Amino acid sequence: LKQSAEARRVALAEVDEQDKTWQLRGQVADERVLQGWLQALRAEGVQPLQWGLEQHEKRLRFDLVVRP
């Protein structure tokens with residue numbers, strides 16, 4: 001997961017496992033970077049369930065819940 005994120009310039013700050021889902025938090029330069037990473041995760045069989053973005057200084061913070 002971290003290698004996949006780093007390859008796409010996604011800065012993962014936190015990964016929490018909760019039952020059958022993972023909660024991911026981090027930062028990206030723009031929304032397209034996050035969308036590209038989500039597409040790559042889907043191709044690997046990971047199912048995004050919920051996500052949100054908020055502006056933080058010059059970057060975007062994201063919260064993402066996935067099912068591996």
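View 1. Seven bridges join E1 to E2, and the two strands run antiparallel; here helices (H or I, at least four residues) and strands (E, at least two) are DSSP runs, numbered from the N terminus, and two strands count as paired if DSSP finds at least two bridges between them. This is a predicted model, in which local features need pLDDT of at least 70 and side-chain atom pairs count only at pLDDT 80 or more, whereas totals for chains, interfaces and linings use all residues. Residues are numbered from 1 along each chain as its sequence is written, and side-chain values use heavy atoms, with hydrogens and water left out. Leu12 has Gly26 of E2 as its bridge partner. Two residues lie between E1 and E2 in the hairpin, and Asp19 in the turn has a positive phi of about 50°.

View 2. The open sheet has four strands in the order E1-E2-E4-E3, with antiparallel pairing. Strand E1 (11-18) and strand E3 (47-56) stand at the edges with a single partner strand each, so one side of each is left without a neighbour in the sheet. On average, and with direction ignored, neighbouring strands of this sheet are turned by 15° against each other, where axes are lines fitted to C-alpha atoms, for helices over the stretch in contact, and angles run from 0 to 180 degrees between N-to-C directions. E3 is joined by nine bridges to strand E4 (residues 59-67), and these two strands run antiparallel. Helix H2 (residues 31-43) lies across E1, strand E2 (21-28), E3 and E4, and runs at about 165° to E3.

**View 3. The largest nonpolar core.** This core has 15 residues, and those with the most contacts inside it are Val10, Leu24, Val28, Trp37, Phe62 and Leu64; a nonpolar core is a set of buried Ala, Val, Leu, Ile, Met, Phe, Trp, Tyr and Cys residues joined through side-chain atoms within 4.5 Å. The elements that give two or more residues to this core are E2, H2 and E4, and H2 gives the most, with five residues. Leaving aside neighbours within four places in sequence, Val28 is in contact (heavy atoms within 4.5 Å) with Val10, Val33, Leu34, Leu53, Arg59, Leu60 and Phe62.

**View 4. Asp63 and its surroundings.** Asp63 is found in strand E4, where Asp63 is the bridge partner of Gly52. With a relative accessible area of 38%, Asp63 is partly exposed, a class that lies between buried (under 20%) and exposed (over 50%), for a 1.4 Å probe and protein chains only. Not counting residues up to four places away in sequence, Asp63 touches Gln23, Leu24, Arg25, Gln50, Trp51 and Gly52.

View 5. A search of the whole structure finds four salt bridges, each defined as a side-chain nitrogen of Lys or Arg within 4 Å of a carboxyl oxygen of Asp or Glu. Arg25 forms one of them with Asp16, the closest N and O atoms being 3.4 Å apart. The side chains of Arg25 and Asp63 also meet in a salt bridge (3.1 Å, N to O). Because Arg25 lies in strand E2 and Asp63 in strand E4, this pair ties together parts that are 38 residues apart in sequence. Asp30 forms a salt bridge with Arg32, with the closest N and O atoms 3.2 Å apart; Asp30 is partly exposed at 24% relative accessible area, whereas Arg32 is exposed at 65%. Salt bridges that share partners join Glu14, Asp16, Arg25 and Asp63 into one network.
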